[in-house]
Amino acid sequence: MSRTLIIRLCGERFYHCVEKRENYSLYLFSPENRLRKGLKWLIARKPFDYSVLFFIALNCITLAMERPSIPPISFEREFLNTTNYIFTVIFSIEMVIKIIASGLIYGPDTYLHTGWNVMDGFLVIISVIDLVTMYRGPHSAAPINGDSDAASRIFSMLRVFRLLRTLRPLR
């Protein structure tokens, strides 16, 4: 059924190209690709998991430091905002490494076939959206009003779900 749909929408030539690259990660990295092999090797090592768990623990500590009464212009707010940037970058890199190593959707053992990775991917996307909405500069095209501030606060509150990552060792 999906074969017929792809052929109808994109053409048979496109389908055959996709079919040939079925085992490729993101249809770019073949199973023999050196980068992909290296990243598979990396994610199979315990130190990789331990370092991710270390950053999850640090992230939990900084999330515990959050409270509404922190003045917007203070060292503590600047520290928490900076650590938010750092953790978002670290977890985004982890997600990209796992996606390149195992693929995103198609194939066995891909990134989105594991419930923990689905949750992690969702949290990374929420974190990136939170950073984008929180750090609109003074020359931003987005209007700064109550609605945009409310959206920013909603994404900031969703950061609390990062604490679910602490359950990862239980898998």
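**View 1. Helices α4 (46–65) and α5 (75–102) each supply at least two residues of a nonpolar patch.** Helices are DSSP runs of H or I with at least four residues, numbered from the N terminus. This is a predicted model, in which local features need pLDDT of at least 70 and side-chain atom pairs count only at pLDDT 80 or more, while totals for chains, interfaces and linings use all residues. Residues are numbered from 1 along each chain as its sequence is written, and side-chain values use heavy atoms, with hydrogens and water left out. The patch on the surface consists of Phe54, Leu58, Ile61, Met65, Phe75 and Phe79, with about 600 Å² of accessible area together (Shrake-Rupley method, 1.4 Å probe). A nonpolar patch joins nonpolar side chains within 5 Å, from residues with over 30% relative accessible area and no salt bridge (side-chain nitrogen of Lys or Arg within 4 Å of a carboxyl oxygen of Asp or Glu). With four residues, α4 gives the most to this patch.

**View 2. Phe75 in helix α5.** Phe75 has 70% relative accessibility and therefore counts as exposed (exposed is over 50%, buried under 20%, partly exposed in between; 1.4 Å probe, protein chains only).

**View 3. Thr133 in helix α6, residues 115–134.** Thr133 has a relative accessible area of 15%, so this residue is buried. The side chain of Thr133 reaches the backbone oxygen of Asp130 at 3.1 Å.

**View 4. Buried residues and span of α6.** Among the buried residues of α6 are Met119, Leu123, Val124, Ile126, Asp130 and Leu131. The 20 residues of α6 should span 28 Å at 1.5 Å a residue (1.5 Å times one less than the number of residues). The end C-alpha atoms of α6 are 28 Å apart, which agrees.

Conventions: A polar contact is a pair of N or O atoms within 3.5 Å; within protein, one must be able to donate a hydrogen and the other to accept it, and residues adjacent in sequence count only if both atoms are side-chain atoms. Patches are made of residues with over 30% relative accessible area and no salt bridge: like charges are joined within 9 Å, nonpolar side chains (Val, Leu, Ile, Met, Phe, Trp, Tyr) within 5 Å.
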